[in-house]
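Reader: Could you walk me through this one? I'd like to know how to read the sheets and the ligand site.

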Amino acid sequence: MRAAVIAGLGGYVPPNLVTNADLTARLDTSDEWIRSRTGIASRHVVSPGTATSDLAVEAGRRALESSGASEADALVLATTTPDHPCPATAPDVAARLGLGPVAALDISAVCSGFLYGLAVSAGLIAAGTAERVLLVGADAFTTIVDPEDRGVAVIFADGAGAVVLRAGEPDEPGAVGPVVLGSDGEHRHLIQVPAGGSRQPSAGVAPAPGDRFFRMRGRETYRHAVDRMTAVSRDALVRAGWQVEDVDRLAAHQANARILGTVADELGVPPERRLSNIEQVGNTAAASVPLLLAQAAAEGELTEGMRVLLTAFGGGLAWGATTVRWPRLGPLTAPDRPGAEVPVPGMRPASSIRSTR
Ligand code: UT7
């Protein structure tokens, strides 16, 4: 069967950097609480008027550039924050990237969207529907966060990451391994925006203040995140025929540094093999995994031949994992390099990726 092979990679974060000190100035929280409970020191947020598609276009453009070709015949966009409830955002991104009248669809799997997107993109390629897919994970997540809700406002942030996937052979470098996915709708209430969908529609009774904002029951979600990412990662390793000792780098959804540490400990992946950028970018939801890959590859933390384990977990609940032997890629742009978005006056430069060593 034809495999989906990573041929290009790009990431982008908006220039506006918000530090823990910026948050403590307006919220009942502290730098110590945020760092010790989440591992986050700063995050990038969109400026007013910037939407998810703006981030997605910039990351997509960078991924196409690194692939050495400007075409794709399908665009898959994983996002929690589409520009509009209707229509999908993917056709707009495809049009603005000049891809022409290609297949374009959104995937709604919150923080697991990129893993779901890999499975869908690989399916499009295996079925012969597409030869080259541009898969983007992008979220302007802060547009649905209640700025007064300290339980989530300190965690979530904005960004985008993208890969170009081409048709190839399962045993070549860059081939995406078997993708293992799962969901648990019984726990849908743990992560939710209550209003704005058909359950609490725009017509009829006005939603309660706050029901249009994202809500998360953090402590319960935490437990599920650890259990599901650990289990699905083990399944993906078995499906790929890898032992945990084979894993050179773990690229897990950047939900919370403590969650990442526990998952890696339970799997047996040592600290020097764990990728992490949560300290600099926070939790960027659907963008998290591809943004991590883009940043790590641009900074030389991910190199040709490395065996990489990818995993994610989020609302739905939904989760996934897969494996990739890292390919040789064209020149990569650092995600914090300014893009098309108009920089906010007084922006501070972002610091670089750190491993969890
Ligand atoms: O990305 C999708 C999946 N998401 C996740 O996997 C996130 C999972 N959850 C988490 O990351 C963590 O549960 C949080 C970071 C959200 C919270 O950390 P926690 O250690 O589970 O804290 P907690 O919710 O148990 O709250 C502990 C205390 C509470 O006060 P009391 O009840 O003990 O008096 C909270 O009210 O910390 C309080 N608290 C805060 N204090 C200062 C909650 N948020 C803050 C805050 N600053 N920002």
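Author: Let's start with pairing: two strands pair if DSSP finds at least two bridges between them. Strands (E, at least two residues) and helices (H or I, at least four) are DSSP runs, numbered from the N terminus. As for ground rules, this is a predicted model, where local features need pLDDT of at least 70, side-chain atom pairs count only at pLDDT 80 or more, and totals for chains, interfaces and linings use all residues. Residues are numbered from 1 along each chain as its sequence is written, and side-chain values use heavy atoms, with hydrogens and water left out.

Reader: Fine. Which residue of β14 is the bridge partner of Leu310?

Author: Thr322. Strands β13 (residues 307-314) and β14 (residues 318-325) run antiparallel, joined by 8 bridges. Both belong to an open sheet of 4 strands, ordered β8-β14-β13-β11, with mixed pairing. β8 (180-183) and β11 (249-252) are at its edges with a single partner strand each, so one side of each has no neighbour in the sheet.

Reader: What is the order of the strands in the open sheet of 5?

Author: That order is β1-β7-β6-β4-β5, and the pairing is mixed. Here β1 (3-12) and β5 (103-107) stand at the edges; each has a single partner strand, so one side of each lacks a neighbour in the sheet.

Reader: Now the ligand. Which residues come nearest?

Author: "Near" means that a heavy atom of the residue lies within 4 Å of the molecule or strand. Of the 23 residues around the ligand, the nearest are Thr29, Arg37, Arg219, Asn256 and Asn283. Helix α7 gives the most to this shell, 5 residues.

Reader: And which atoms of Asn256 lie 2.7 Å from an oxygen atom of the ligand, side chain or backbone?

Author: An N or O atom in the Asn256 side chain. With Arg150, a backbone N or O atom lies 3.0 Å from a ligand nitrogen atom. A polar backbone atom of Gly218 is also 3.0 Å from a nitrogen atom of the ligand.

Definitions and conventions
A polar contact is a pair of N or O atoms within 3.5 Å; within protein, one must be able to donate a hydrogen and the other to accept it, and residues adjacent in sequence count only if both atoms are side-chain atoms.
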